[in-house]
Structure formats: structure tokens, C-alpha cells
Amino acid sequence: SDAGSEFSLLLPEGWVEDLELGKAMMAEMEGEVAAGYVKFFGGNPKVYGYDPNIFVLSVPVPRGTHLSELVDAEIRAMGLAIPDQIVIGRESIFIDGIPAEKVIHKDASYYRDIFSLQGEVFVIIFLLKDQREWVLQCVAGVLNVTEMALCEDTLYLFRFQR
């Protein structure tokens, strides 16, 4: 469970939480305000970090925000921030009984240079609850298919505390 007891995740064996690193990474990428949105970060520890890793973010949204419009805007923003990303899938799902949308991105630069180790796969689940956008994200190296499936399964086990 997170420190605020808002949700729980069931991590695979050997995976760990590293909330401080997640906040530091978000602060570096998006600024200090965004670091406050990080509710969970962790993953499978490796010498170079975590692969795969999981982020859980919670961001306030205005009343009347619709999920599909929010996801459309997020996809546009990701395309601007990371031009080599391509959306390879998008589907409506449920997480803890709440309507959500799953978006799968791949690093297109990987396909231009098959020897690149920079390629990554992103599975991002967006949902709205109590005027907050919840973003559940797995990131793994393109060659880490087995553990990426485990990471995605972990996101499906996300539960809000009642």
C-alpha cells in the first residue's frame, strides 16, 4: 500500500519500491510540482536502475474532464515530448471496476537501429477517480518481453483502498 493508504499494488517477487528515486526522476524530467504527483515508483532492480519499472501518478483534473479527451491530450503531449514514440495500441479496460484506457507506446528509434539498447515499451493506463487522473505506467526495455508482461499484470492488480 502507498503511504497515504489510497491504493495497493501486488509486486512480483524480488521487485522493490523506490519512491524517492521516482520523485527525483520526475522532478528532473517535469519539475518539482510533478514530483509531488508520484505516488509509487519501483520495479525489478538491475545494476543500471529498474527494468521494468512502475510509476503511479495522481494529478488533479477539472470537474467535467472526460477520460477519452484526457487520453487524447496525453497521447499528443507524449508525441511532442518523445518524437520517436509510436502508439501501437489503445483499448478500453477496467481497473478495480473503474473505466480506464490502456495505451501502449514503443520507441520507434529501436526499429531504425536494431542494435540500439535504447528501445523501450511503455504500457500506460489512465483512469479518473474523485477529480484526479491516475496514471499507471510500466516501462521496460524492448528485449525484456517476459518481465514486461509481468509488469503489465501488476498494473491490472491496482486497487483503491475502500
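Mentor: W134 is buried, with a relative accessible area of 2%; buried stands for under 20% relative accessible area, exposed for over 50%, and partly exposed for the range in between, with a 1.4 Å probe and protein chains only. The model is a predicted one, in which local features need pLDDT of at least 70 and side-chain atom pairs count only at pLDDT 80 or more, while totals for chains, interfaces and linings use all residues. Residues are numbered from 1 along each chain as its sequence is written, and side-chain values use heavy atoms, with hydrogens and water left out.

W134 belongs to one aromatic cluster together with F7, F158 and F160. The structure holds 7 aromatic pairs; rings of Phe, Tyr and Trp (its six-membered ring) pair if their centres lie within 6.5 Å, and planes under 30 degrees apart count as stacked, over 60 as edge-to-face and the rest as tilted. One of these pairs is F41 with F55, which is tilted because the ring centres are 4.6 Å apart and the planes stand at 50°. That pair links distant parts of the chain, with F41 in strand β3 and F55 in strand β4, 14 residues apart; helices (H or I, at least four residues) and strands (E, at least two) are DSSP runs numbered from the N terminus. Both F41 and F55 are buried.

W134 itself pairs with F160: the ring centres are 5.1 Å apart and the planes at 85°, so this pair is edge-to-face. Here too the pair links distant parts of the chain, since W134 is in strand β8 (residues 132-141) and F160 is in strand β9 (residues 159-160), 26 residues apart. F160 is buried, with a relative accessible area of 6%.

At 23% relative accessibility, K129 counts as partly exposed. K129 also forms a salt bridge with D130, the closest N and O atoms being 3.0 Å apart; a salt bridge requires a side-chain nitrogen of Lys or Arg within 4 Å of a carboxyl oxygen of Asp or Glu. D130 is exposed, with a relative accessible area of 62%.

The link of C138 and C151 is left-handed, with -100° about the S-S bond. C138 lies in strand β8 and C151 in helix α5, so the pair ties together parts that are 13 residues apart in sequence. Both cysteines, C138 and C151, are buried.

Helix α5 (residues 145-156) also includes T154. At 2% relative accessibility, T154 counts as buried. Leaving aside residues up to four places away in sequence, T154 touches L9, L10, L11, P12 and I54, where contact means heavy atoms within 4.5 Å. I54, in strand β4, stands opposite G42.

Side chains of opposite charge can pair when their charged atoms come close, and the structure holds 8 salt bridges. K46 forms one with E147, the closest N and O atoms being 3.9 Å apart. K46 lies in strand β3 and E147 in helix α5, so this pair ties together parts that are 101 residues apart in sequence. K46 is partly exposed, with a relative accessible area of 33%, and E147 counts as partly exposed at 21% relative accessibility. K102 forms a salt bridge with E152, the closest N and O atoms being 2.6 Å apart. Since K102 lies in strand β6 (residues 98-107) and E152 in helix α5, that pair ties together parts that are 50 residues apart in sequence. Both K102 and E152 are buried.

Finally, strands β3 and β4 deserve a word. β3 and β4 (residues 49-60) pair in the antiparallel sense over 7 bridges; two strands pair if DSSP finds at least two bridges between them. A hairpin joins β3 to β4 through 2 residues. Strand β2 (residues 16-17) and β3 (residues 38-46) also pair in the antiparallel sense, over 2 bridges, and V16 has G43 in β3 as its bridge partner.

Note on methods:
A disulfide is a pair of cysteine sulfur atoms within 2.5 Å.
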